[in-house]
Amino acid sequence: MIRLPLAATMALLFSAQTAFAALPTFTFWPNGEAPGAKNSPVSFAQVERSKDPTLPDRAVTGIRAPEITVYAPEHPNGVALLVTPGGSYQRVVLDKEGSDLAAPFNAQGYTLFVMTYRMPADGHAEGANAPLADVQRAMRTLRARAGEWNINPHRIGVMGFSAGGHVAASLETRYDEPVYTPIDTIDKHSARPDFVVLGYPVISMDKAIAHPGSRKALIGDTPNAEQIKHYSPELNVNAQTPPTFIMHAVDDPSVPVENSLVMFNALRAHKIPTELHLFAEGKHGFGIRGAKGLPAAAWPQLVMRWIDSLPPSPQG
């Protein structure tokens, strides 16, 4: 391992922070804070968890005013991805499943919108629906402002990882559920994603396969049958659910691969176009940096080829 002098390390860290600060970032609720945040006692905090300035690993907690950071390509192809990173429904990680994705996707013309979202157990007025309210509003905002980023409003997908995969799967199955009061003309736009990418996603609230931390954050220790169904996306798939790409490592020790299997089976049962990639190795949260040297490293190319193969959205 090469150890950099302290001055060089600080220079790299400052350079990374400067680069992130220069990226276009905006809130998507009219007053910055989400309306339901008024009930929450949490305070925003951001920490850098990496000691290697060349591999940033920022995590945010206490989210009250969710934001979107734009990673725009030099030559947009008109396709956009709203990215919901993971964090066990305790935090949102901004790099491993956020900024790291920009290089391969921007190179092929994809515009990435990496968002933060509120936590289900942070005391917001929407309760466990706070993340869904945020991602619905974010998707509607991208549609309403698509022209600003040269994207096709009918070619906007959502890509979620781990707990963020549950956010994305909730959006694809509950995009039209009224979880917040409409505010303005943005809320007249559809929140239905045109396609969905799920990376090692938290899906089911079935205790046998659920991710324990996410399950507790969403439905507590003693949920009833209706809560379990409502927050299990595989039980809410229907004929209008959008095409979905799923990937997972079989050796995932945190979120059992059965989560992806039950979602895949539900999509197939409803004849929704779906593609599933299972990798023998990768553990949990491999993203891009954790997949180096493994077959799983091919996943960005697999995703982009799949998106390119999709027919025009019925919204288009």
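**Rings, a sheet, a helix and salt bridges**

Author: Ring pairs link Phe105, Tyr110, Phe161, Tyr200, Phe279, Phe286 and Trp299 into a cluster. Keep in mind that this is a predicted model.

Reader: How many aromatic pairs are there?

Author: The count comes to 13 aromatic pairs. One of them is formed by Phe105 and Tyr110, with 5.9 Å from centre to centre and 90 degrees between the planes, and it is edge-to-face.

Reader: Are Phe105 and Tyr110 buried or exposed?

Author: Phe105 is buried, and Tyr110 is buried too.

Reader: What sits over the ring of Phe26?

Author: The charged end of Arg145 does, 4.6 Å from the centre of the Phe26 ring.

Reader: Trp299 was in that ring cluster. Which residues of helix H8 are buried?

Author: Helix H8 covers residues 299-309, and its buried residues are Trp299, Pro300, Val303, Met304, Trp306 and Ile307. They lie on the same side of H8, because the arc they cover around the axis is only 160 degrees. In general, residues three or four places apart in an α-helix point the same way, because there are 3.6 residues a turn.

Reader: And which exposed residues are on the face turned away from the buried side of H8?

Author: That face carries Arg305, Asp308 and Ser309.

Reader: Switching to sheets. In what order do the strands of the open sheet come?

Author: The order is E2-E3-E6, 3 strands with antiparallel pairing. Strand E2 (45-48) and strand E6 (92-93) are the edge strands, each pairing on one side only.

Reader: How many bridges pair E3 with E6?

Author: Strand E3, residues 58-61, pairs with E6 over 2 bridges in the antiparallel sense. Ala59 has Val93 in E6 as its bridge partner.

Reader: OK, salt bridges. How many?

Author: There are 11 salt bridges by count. In one of them, Asp184 pairs with Arg137, and the closest N and O atoms are 3.0 Å apart.

Reader: Where do Asp184 and Arg137 lie?

Author: Asp184 lies in the loop between helix H4 (163-174) and E9, while Arg137 is in helix H3 (residues 130-144), so the pair ties together parts that are 47 residues apart in sequence. Asp184 counts as partly exposed, at 30% relative accessibility. Arg137 is buried, with a relative accessible area of 1%.

Reader: What does Asp194 form a salt bridge with?

Author: With Arg143, the closest N and O atoms being 3.0 Å apart. Asp194 is in the loop between H4 and E9 and Arg143 is in helix H3, so this pair ties together parts that are 51 residues apart in sequence.

Reader: Is Asp194 buried or exposed?

Author: Asp194 counts as buried because its relative accessibility is 6%, under the 20% cut-off. Arg143 is buried as well, with a relative accessible area of 8%.

Notes: Residues are numbered from 1 along each chain as its sequence is written. This is a predicted model: local features need pLDDT of at least 70, side-chain atom pairs count only at pLDDT 80 or more; totals for chains, interfaces and linings use all residues. Side-chain values use heavy atoms; hydrogens and water are left out. Rings of Phe, Tyr and Trp (its six-membered ring) pair if their centres lie within 6.5 Å; planes under 30 degrees apart count as stacked, over 60 as edge-to-face and the rest as tilted. Buried means under 20% relative accessible area, exposed over 50%, partly exposed in between (1.4 Å probe, protein chains only). A charge sits over a ring if NZ of Lys or CZ of Arg is within 6 Å of the ring centre and within 35 degrees of the ring normal. Two strands pair if DSSP finds at least two bridges between them. Helices (H or I, at least four residues) and strands (E, at least two) are DSSP runs, numbered from the N terminus. The arc is that of the directions from the helix axis to the C-beta atoms. A salt bridge is a side-chain nitrogen of Lys or Arg within 4 Å of a carboxyl oxygen of Asp or Glu.
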